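User: I would like to understand how the words used for a structure follow from its values. Could you take me through some of them?

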Amino acid sequence: MLTSVVVVLANSGPLTRECVACALASDVPVEVILVDNGSADGVPESIERAHAGDDRVRVIYNRANLGFGPAVNRGAAKARGERLLVLNPDCLVAPDTIARMATHLDRQTAIVGAVVCDDAGHADPASRRYDPLLRRAINTKLGRAGGIDIAGPLPSGAEDVEIVSGAILLMPRAAFERLGGFDETFFLHCEDMDLCRRARDQGYRVVLAGDVRVLHGKGVSSRRRPVFVSWHKHRSMYLWFRRHDPSARHAPMRAAVWAGIWAHFLLKLPGLWMRRRR
């Protein structure tokens, strides 16, 4: 069964070459579709030249930054595989990663994620996440029942979860299409949270393959434009709240959350500007 690996680029740096090489070394049939959001670093072109004789590698040039979700959707539209692996360009898969993740797919499962780790092998707790509902955030802050234990241990096997990391997502192509792909309202960030929520709302399972670990190298694209990335992250958080949080039905609560999100962004700005200068 062919797996289409969709990788979105936006000045993602040289680690992308290793990402592609690792994906091509998978022990299951794959094709790699690179979707470039207007990169100026020359990496997409160099990968295309390096694999000019390999029909497993294709590059789609958007010539502009369309956002993560829209780019994935365009890559998926060109995919030939029955399965889709959405992969960040700073993620390195082992030869057996896709096969091991695929063992957790069934007719009821729309999304399988993996545990992403840093260079030292430390697992990122964000490999398993929870819907960021306002009531949960308040309960967590106050130490009341109904909060979230973010630091809880990750599973060692397959476990049904609410959200998995968007750095690596394996989906049956049919489920991806049934869900309508990524919601293109989200330019950057929270599109994975939205996709997982919509999958669960339609009766699908979202599964974290706790026995599969993937190196997540933290690429350069977000570090180059920290203010831009943070602005979109805050915008997307409010969009998710409006769409999925029952608290958003009340206008005063919507206004309060909007004000809180953008106040948080403004407070972060000095640090973001300093990071950009460095």
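Analyst: What follows is a set of questions about terms and the values behind them. The model is predicted, so local features need pLDDT of at least 70 and side-chain atom pairs count only at pLDDT 80 or more, while totals for chains, interfaces and linings use all residues. Residues are numbered from 1 along each chain as its sequence is written, and side-chain values use heavy atoms, with hydrogens and water left out.

User: Why is the pair of Phe176 and Phe182 called edge-to-face?

Analyst: Rings of Phe, Tyr and Trp (its six-membered ring) pair if their centres lie within 6.5 Å, and planes under 30 degrees apart count as stacked, over 60 as edge-to-face and the rest as tilted. The centres of Phe176 and Phe182 are 6.1 Å apart and their planes are at 70 degrees, so the pair is edge-to-face. Ring pairs also link Phe68, Phe176 and Phe182 into a cluster.

User: How do you know whether Phe176 is buried or exposed?

Analyst: Buried means under 20% relative accessible area, exposed over 50%, and partly exposed in between (1.4 Å probe, protein chains only). Phe176 has 5%, and Phe182 has 2%, so Phe176 is buried and Phe182 is buried.

User: What makes Ser26 buried?

Analyst: Ser26 has a relative accessible area of 10%, and therefore counts as buried. Leaving aside its neighbours within four places in sequence, Ser26 is in contact (heavy atoms within 4.5 Å) with Val93, Pro95 and Ile98.
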